[in-house]
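Hello,

Here is the structure I promised to pass on. Have a look at it first, and my notes follow below.

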Amino acid sequence: MTKGGTNSGDARNGHEAAFDRLVELARSIFDAPIVLISTLEGDRAVLRSNVGDWQTSIAREASVSTVLVNMGPGAVLVVEDALADPQFCNHPFVTRPQGLRSCFAASITLSDGRTVGALAVADRIARARPDDRALDQLRLQAGIAADILD
């Protein structure tokens, strides 16, 4: 998606339109300036759809997808203030000018149990943990992304 500040990778296929709709839905639910769907492909996390100023791919080890893969299938990550979080305070996306401060993400786990990516909502300001209902919606949207990929 390229309109309205949304940008997806160049290698678009039929899945990307559905991913674009999921990204817009998450942006609406969380009122967030940054939302992305990424999948792990080799040494990169490829952004399949995103809102915000991101590249089309990032190094695998720098991605939220890798964090969620390490957490296991069905994982949810909640980072209220990345500068105060020992795991993320030195991350290059946090320390750069106008870096990320908060991130809420759910793993994209396929029906065979493999976690292949993430649906992430982020902001440049610290945010309180979303309520359980909002996190359930994020999990549901990540599940829809998995259904699209299955």
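The model has an open sheet of six strands in the order β3-β2-β1-β6-β5-β4, paired antiparallel. Strands here are DSSP E runs of at least two residues and helices are H or I runs of at least four, numbered from the N terminus; two strands pair if DSSP finds at least two bridges between them. At the edges lie β3 (57-59) and β4 (76-79), each pairing on one side only. On average, neighbouring strands of this sheet are turned by 25° against each other, direction ignored.

A word on the source: this is a predicted model, in which local features need pLDDT of at least 70 and side-chain atom pairs count only at pLDDT 80 or more, while totals for chains, interfaces and linings use all residues. Residues are numbered from 1 along each chain as its sequence is written, and side-chain values use heavy atoms, with hydrogens and water left out.

Within the sheet, β1 (residues 34-41) and β2 (residues 44-51) run antiparallel and are joined by seven bridges. Val35 has Val51 of β2 as its bridge partner. Helix α1 (residues 14-30) packs on the sheet, where it touches β1, β2 and β6 (115-123), and its direction makes about 65° with that of β2. Contact means heavy atoms within 4.5 Å; axes are lines fitted to C-alpha atoms, for helices over the stretch in contact, with angles from 0 to 180 degrees between N-to-C directions. Helix α2 (residues 64-71) also packs on the sheet, touching β1, β4, β5 (102-109) and β6.

Now to the helix pair. The axes of α1 and α4 (residues 132-149) come within 10 Å and cross at roughly 175°, so α1 is roughly antiparallel to α4 (the term covers angles over 145 degrees). Among the residues making this contact are Phe19 and Leu22 of α1 and Leu138 and Ile144 of α4. By class, the contact has 13 nonpolar, three polar and no charged residues; Ala, Val, Leu, Ile, Met, Phe, Trp, Tyr, Cys and Pro count as nonpolar, Asp, Glu, Lys and Arg as charged, and the others, Gly among them, as polar.

Terms used. Parallel < 35°, antiparallel > 145°, perpendicular 65-115°, else oblique.
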